[in-house]
Amino acid sequence: MDLTIRPRRLRKGEILRKMVRETRMDPSSLIYPMFVREGEGIAEEIPTMPGQYRYSVDRMGEKLDRLKEAGVSSVILFGIPGYKDETGSGAWAEDGIVQKALRRMKKDFPQMYAITDVCMCEYTSHGHCGVLCGHEVDNDKTLELLSKTALSHVQAGADMVAPSDMMDGRVRAIRETLDQAGFQMTPILSYAVKYASGFYGPFRDAAGSAPAFGDRKGYQMDYHNSREGIKEALLDVEEGADLVMVKPAMTYLDLVAKVKEAVKVPVAAYSVSGEYAMIKAGAALGYIEEDKMICETAVSAYRAGCDLYLTYYAEEIAGFMKEGRIG
Ligand code: PBG
């Protein structure tokens with residue numbers, strides 16, 4: 001057969017295949033989402049996310065040790081507070097759960113990079129991501145509370161804040177507040193392109209943050225839209241976001257690719273709780289092989305163009321990278 005071009009030539013043997021890989025990754029781009037809760041001596045497994053735990057502050061170190069060992073150097077913290085109220089005041093409390101976790105982490109793991117999720121839904125009695133006016137979330141009043149929350153995180157030691165509420169104007173509001181308090185150098189990672197997604201189900205169980213009525217469609221995006229996602233990303237960069245995120249990841253890789261083209265800041269993709277739970281459940285039933293699914297899913301996000309990858313599988317993925325299986 002007279003074939004000049006044979007794509008299979010570059011697929012012969014492991015060494016060559018690795019040599020011509022188009023997607024390169026490394027553990028420094030992984031961010032592990034971690035749940036911290038009130039109490040002592042607690043590491044409780046999350047029923048809808050087998051293998052993931054809610055840690056009390058005194059036991060966070062167990063996971064942080066393993067992450068460090070694996071080469072994962074950053075985490076994003078989610079707090080599960082001891083009390084909730086109408087405005088979500090636990091979010092900015094001096095002795096709030098995230099604030100306590102930050103102080104502990106900065107003391108015991110000074111090299112670990114601490115990002116915090118800034119949102120009200122874990123702290124409000126109604127489970128919405130802001131203050132209510134009737135049955136609607138009041139955008140502009142919520143900005144003040146988000147800013148206060150972000151500032152209190154930074155004062156407690158957060159290296160970066162990540163607002164996930166999807167209120168309009170929150171990046172600008174948080175930037176102004178941080179600047180006025182002298183934290184000009186603290187970056188903001190905006191959950192800019194965040195869809196109203198069924199894939200958050202297990203997270204809401206884990207954090208006890210499901211809305212008591214209605215849904216989040218009045219602030220999170222409709223998954224039929226992609227141009228709107230670009231608009232959100234551009235707007236947040238204009239407001240001062242240093243990095244932007246697309247969330248969920250797996251079913252929104254088109255957005256990862258488009259946002260990467262549209263903005264000049266680093267792009268993060270968040271492989272959310274439902275993505276994790278699907279792989280876990282499929283593997284537990286013996287329908288799929290967990291390791292293969294983890295690797296393929298992670299690489300797909302990087303191939304689409306993400307620079308940072310938030311994943312509950314961070315420790316495992318770092319291990320596969322080290323082994324040279326991916327990356
Ligand atoms: C807070 C927040 C959510 C997630 C991250 N930050 C839940 C939501 O918006 O309902 C979801 C993360 C996951 O599913 O892993 N607003």
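This is a predicted model: local features need pLDDT of at least 70, side-chain atom pairs count only at pLDDT 80 or more; totals for chains, interfaces and linings use all residues.
Residues are numbered from 1 along each chain as its sequence is written, and side-chain values use heavy atoms, with hydrogens and water left out. Local features need pLDDT of at least 70 and side-chain atom pairs count only at pLDDT 80 or more, whereas totals for chains, interfaces and linings use all residues.

The structure holds 21 salt bridges. A salt bridge is a side-chain nitrogen of Lys or Arg within 4 Å of a carboxyl oxygen of Asp or Glu. Side chains of opposite charge can pair when their charged atoms come close. One of the bridges joins arginine 66 to glutamate 315, with the closest N and O atoms 3.5 Å apart. This pair links distant parts of the chain, 249 residues apart. Arginine 66 lies in helix H2 (residues 60-70), and glutamate 315 lies in helix H11 (residues 314-323). Helices (H or I, at least four residues) and strands (E, at least two) are DSSP runs, numbered from the N terminus. Arginine 66 counts as partly exposed, at 39% relative accessibility. Buried means under 20% relative accessible area, exposed over 50%, and partly exposed in between (1.4 Å probe, protein chains only).

Arginine 103 bridges to glutamate 94, the closest N and O atoms being 3.8 Å apart. Arginine 103 is partly exposed, with a relative accessible area of 37%. Glutamate 94 is exposed, at 63%. Lysine 141 forms a salt bridge with aspartate 138, and here the closest N and O atoms are 3.7 Å apart. Glu14, Arg17 and Lys18 are linked in a network of salt bridges.

Two surface patches were examined. Patches are made of residues with over 30% relative accessible area and no salt bridge; like charges are joined within 9 Å, and nonpolar side chains (Val, Leu, Ile, Met, Phe, Trp, Tyr) within 5 Å. Arg6, Arg8, Arg9 and Arg11 gather in a patch of positive charge. Lys and Arg count as positive and Asp and Glu as negative, while His and the chain ends are not counted. The place of a charge is taken as NZ of Lys, CZ of Arg, CG of Asp or CD of Glu. Arginine 6 sits in the segment before helix H1 (14-19). Its relative accessibility is 36%, so arginine 6 counts as partly exposed.

The nonpolar patch comprises Leu10, Ile15, Met19 and Val20, with about 410 Å² of accessible area together. Accessible areas come from the Shrake-Rupley method with a 1.4 Å probe; for residues, only the protein chains shown count as cover. Leucine 10 is also found in the segment before H1. Leucine 10 counts as partly exposed, at 47% relative accessibility.

A search of the whole structure finds 0 disulfides (pairs of cysteine sulfur atoms within 2.5 Å). The cysteine sulfur closest to that of cysteine 119 is in cysteine 129, 3.6 Å away, and so too far for a bond. Cysteine 119 is buried at 2% relative accessibility. Cysteine 129 is buried at 1%.

Most residues other than glycine have a negative phi, and most peptide bonds are trans. Methionine 166 has a positive phi of about 70° although it is not a glycine. Methionine 166 lies in the loop between strand E8 (160-163) and helix H5 (170-180). Methionine 166 is buried, with a relative accessible area of 4%. The peptide bond from lysine 247 to proline 248 is cis, with omega near -10°. Proline 248 lies in the loop between strand E10 (243-247) and helix H8 (253-262).
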